[in-house]
Amino acid sequence: WARHADGTPWPYALLTGSCSISLSLQCGLNLAHLLGHERPSWNDSLSSLRDALRNRPQAFAPRDRWAMDWYYPVLTGVLQGDEARACLANGYDTFVMDGAGVRCVKDRDWVTAAETSECAMAYFSVGDTTTAERLLIWTHNLRNDDGTYYTGIAYPDNVTFPHEERTTYTAAAVLLTHTTLAPNSPTTSLFTPGATIVC
């Protein structure tokens, strides 16, 4: 996923980033197919990457502390069906603070709007709309009066962290989740169980 200035690869890979790359490859393959182009090397790369993500945890930096490494394999379609549902169930009690949202890291009571929103889409992708909607509702705890979203809130002090930070990526995650869960939204098909993602 990265190289040093001299071109040598870093000694480890990041699971969340690699999951994102796998989804990008899948989207690229789907678009190539629509345009009538064959991309066998992309397909080979995708197969190798998904095999590593599913079967070779030692290939990735140990980051089980981070919520993103928990739900990203589901969000990006690396894990599907019963395997995906089991993955989400295994991490729920570790990363989810009831009524507040998803912790960024498992050992801190710091929830973020982006992780909570993305996790909601992961639950939606396995057909658990109830949990997805509940998580999305909890992001309202981080909504500012002007409609922007704070990055996170640290409990039990109930203070924003980083202090007063409101980022565009946070707003984008919340908006994408709202659109995904909205009835009859075209975005819904991106995360519908069994759907073919185009881009």
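Trainee: Why does Pro9 count as exposed?

Mentor: Pro9 has a relative accessibility of 52%. Exposed means over 50% relative accessible area, buried under 20%, and partly exposed in between (1.4 Å probe, protein chains only); Pro9 therefore counts as exposed. This is a predicted model, in which local features need pLDDT of at least 70 and side-chain atom pairs count only at pLDDT 80 or more, while totals for chains, interfaces and linings use all residues. Residues are numbered from 1 along each chain as its sequence is written, and side-chain values use heavy atoms, with hydrogens and water left out.

Trainee: With which residues is Pro9 in contact, leaving aside its neighbours within four places in sequence?

Mentor: They are Ala2, Arg3 and His4, where contact means heavy atoms within 4.5 Å. Pro9 itself belongs to the segment before H1.

Trainee: What makes Ser22 buried?

Mentor: Its relative accessible area is 0%, and the limit for buried is under 20%. Ser22 is placed in helix H1 (residues 15-34); a helix is a DSSP run of H or I with at least four residues, a strand a run of E with at least two, both numbered from the N terminus. Beyond four places in sequence, Ser22 touches Leu46, Leu49, Arg50, Leu53, Thr76 and Val78.

Trainee: Which residues of helix H6 are buried, and how do you know that they lie on the same side?

Mentor: In H6 (residues 129-138), the buried residues are Thr131, Ala132, Leu135, Leu136 and Trp138. They cover an arc of only 155° around the axis, which puts them on the same side of H6; the arc is taken from the directions between the helix axis and the C-beta atoms. Thr130 and Ile137, both exposed, are on the face turned away from that buried side. Among the elements covering the buried residues are helix H4 (81-95), helix H5 (113-125) and helix H7 (168-181).

Trainee: Why is the pair of Tyr92 and Tyr123 called edge-to-face?

Mentor: Rings of Phe, Tyr and Trp (its six-membered ring) pair if their centres lie within 6.5 Å; planes under 30 degrees apart count as stacked, over 60 as edge-to-face and the rest as tilted. The centres of Tyr92 and Tyr123 are 6.2 Å apart and the planes stand at 90°, so the pair is edge-to-face. Tyr92 lies in helix H4 and Tyr123 in helix H5, so the pair ties together parts that are 31 residues apart in sequence. Both Tyr92 and Tyr123 are buried.

Trainee: What values describe the aromatic pair of Trp70 and Tyr71?

Mentor: Their rings are 6.0 Å centre to centre with 80° between the planes, which is edge-to-face. Ring pairs also link Trp70 and Tyr71 with Tyr72 and Phe95 into a cluster.

Trainee: Which residues touch the most other members in the largest nonpolar core?

Mentor: Such a core is a set of buried Ala, Val, Leu, Ile, Met, Phe, Trp, Tyr and Cys residues joined through side-chain atoms within 4.5 Å. The largest has 37 residues, and Trp70, Tyr71, Val74, Leu88, Val102, Tyr123 and Leu135 touch the most other members. H1, helix H2 (40-55), helix H3 (67-75), H4, H5 and H6 each give two or more residues to this core. Apart from it lies another core of 5 residues, including Ala113, Leu142, Tyr149 and Val174.
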